[in-house]
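Dear colleague,

I am handing over the structure below for your attention.

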Amino acid sequence: PCDGIVLEDNADRAVRCDNHVLVIAGPGAGKTELLAQKAAYLLQTNRCKDPQKILAISFKADAAQNLQERVETRCGIEAKHRFVSMTYDAFAKSLLDHFLYALPENLRPQPDYQVNDDMVIDTAFKKAGYRNPYNLSPSKLKKYYNAKIESVTLPISKNDLAENVWRLLLHGFDGHKSTLTFKMITMLADYIIKINPQIKRALQLTYSYVFLDEFQDTAGVQWMNFSPLLHNSNAQGGENLIVGDVKQSIYRWRGSDWKLLDNRIPSEFPSHVHTVLDTNWRSLSNIVEFNNGFFEAAAEVLDKISGYKEKGPVSGIYTDVKQKVASEDSNPGSVCLTFCSKDMQLQQVLESVYKALSAGARLSDIAVLVRSNATGEEVASYLIDNGIAVITDDSLKVKGSLTVRRLVSLMSYI
């Protein structure tokens, strides 16, 4: 491995394997480092021969950038041209932008289309005749809009609400330019590949190796963009790498399908090599051991609630939940669960902060995770009122600065 890093045995086998590899990687298992090591191995051993390229896809922009930087650090300028690390959305948008005129005219947006303008999308639905008859809240209305947009099958030929909205958003209306959601962009990119064999072949020739990260959160339409690349690479002896963990599937609200990882990949690529990264390199021992026990027990409880006397499907998903501890820190860490009434939650948070501070923690070592922005504001205000300095997303914004607000107020009188 590069940089003198010692990989666990399963990770080392995945890096050196000359087959399609499916890696199950739990939290803190070092999957980003695995992807970087695999890319460096392919480039430095010349298994990925010039001008072949490696395409690595992540869900978040910072994860894609982190991976790109790790590979460039190890492989230098060569990686800048032959290792491409992008998000799912960025890859779909690049396909649409490059091959826009491969779309038929009735599906072709304006070249300067805008993305995810909620006001324009709302106006398009109203113009198409939808008046929110059930008085859906803004968040539920947005979900309804997204579901309608995603229900369309290309090419469009009907005269229903969803397809009429598509027409308005594709071509612009009433002074609004073309406006697309990322799901629309992904669907258009998939359609471009589907109807243009030459473009499909060009992509297959360009990207001989494909890495897909966080695959448990991949949606079906996203998978359609990458399926031809993986099948072609697999047929040519490529060493593709898919990394994910069904237990960490958190984007089902936006259409992700964990069954792609659990069922479809194994069935479509029966000769793949399956491996599990079972060591946690991030967390201290007490935290890892708590998670090992908690999730196994919770899975059994959920199965019993569903009527299974013995271990059922949920327990099956969590069979590989137990992790080994990599940390040799003399401090084993701490896990403490406190159950209280809702009106005591803020006080319990404050007491937990005091307890951590008295144990030697610094304020910068402490994070409070909440379910909603509103709850976050309540917690932050309560801590500040009790003398605890807090940094929140809002406090980092310019408009959150008291000094800036005072200056703006003064300028309004000039």
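Leu346, Gln347, Val349, Leu350 and Val353 in helix α15 meet Glu378, Val379, Tyr382 and Leu383 in helix α16. Please note that the model is a predicted one. Helix α15 covers residues 345-358 and helix α16 covers residues 373-385; their axes come within 10 Å and cross at roughly 55°. An angle under 35 degrees would count as roughly parallel, and one of 65 to 115 as roughly perpendicular; α15 and α16 are therefore oblique to each other. Their crossing is right-handed.

A second pair is formed by helix α11 (residues 220-235) and helix α12 (residues 259-268), which pack at an angle of about 25° with their axes 13 Å apart. Helices α11 and α12 are therefore roughly parallel to each other, and the crossing of α11 and α12 is right-handed. On the α11 side the residues involved are Gly220, Trp223, Met224, Ser227 and His231, and they meet Leu260, Arg264, Ile265 and Glu268 of α12.

**The protein as a whole**

The protein has 414 residues, of which 39% count as buried. It holds 18 helices and 10 strands. Taken along the principal axes, its C-alpha atoms fill a box of roughly 65 × 65 × 55 Å. Among the contacts with a separation of 6 or more, 74% come from residues 24 or more positions apart.

**Helix α9**

Helix α9 consists of 14 residues, 182-195, which should span 20 Å at 1.5 Å a residue; the end C-alpha atoms of α9 are 20 Å apart, which agrees. How many of the residues of α9 are buried? The number is 11 of the 14, so α9 is largely enclosed by the rest of the structure. The buried residues of α9 include Lys183, Asp190 and Tyr191, as well as Met184, Ile185 and Leu188.

**Aromatic pairs**

There are 13 aromatic pairs in the structure. In one of them, the ring centres of Phe125 and Tyr130 are 6.4 Å apart and the planes stand at 75°, so this pair is edge-to-face. Phe125 counts as buried at 0% relative accessibility, and Tyr130 also counts as buried, at 9%. The rings of Tyr144 and Tyr145 likewise have their centres 6.4 Å apart, but their planes are at 55°, so the pair is tilted. Tyr144 is partly exposed, with a relative accessible area of 25%, whereas Tyr145 counts as buried at 7% relative accessibility.

Ring pairs also join several residues into a cluster, whose members are Phe59, Tyr88, Phe91, Tyr207 and Phe226.

**Strand β3 and Thr87**

Strand β3 covers residues 83-87, and Thr87 lies in it. Is Thr87 buried or exposed? With a relative accessible area of 12%, Thr87 is buried. Which residues is Thr87 in contact with, leaving aside its neighbours within four places in sequence? They are Ile57, Ser58, Phe59, Lys60, Ala61 and Ala64. Phe59, one of these contacts of Thr87, is also a member of the aromatic cluster described above.

With kind regards

Key
Residues are numbered from 1 along each chain as its sequence is written. This is a predicted model: local features need pLDDT of at least 70, side-chain atom pairs count only at pLDDT 80 or more; totals for chains, interfaces and linings use all residues. Side-chain values use heavy atoms; hydrogens and water are left out. Rings of Phe, Tyr and Trp (its six-membered ring) pair if their centres lie within 6.5 Å; planes under 30 degrees apart count as stacked, over 60 as edge-to-face and the rest as tilted. Buried means under 20% relative accessible area, exposed over 50%, partly exposed in between (1.4 Å probe, protein chains only). Helices (H or I, at least four residues) and strands (E, at least two) are DSSP runs, numbered from the N terminus. The expected span of a helix is 1.5 Å times one less than its number of residues. Axes are lines fitted to C-alpha atoms, for helices over the stretch in contact, and angles run from 0 to 180 degrees between N-to-C directions. Angles under 35 degrees count as roughly parallel, over 145 as roughly antiparallel, 65 to 115 as roughly perpendicular and the rest as oblique. A crossing is left-handed if the near helix is turned anticlockwise from the far one by less than a right angle, and right-handed if clockwise. Contact means heavy atoms within 4.5 Å.
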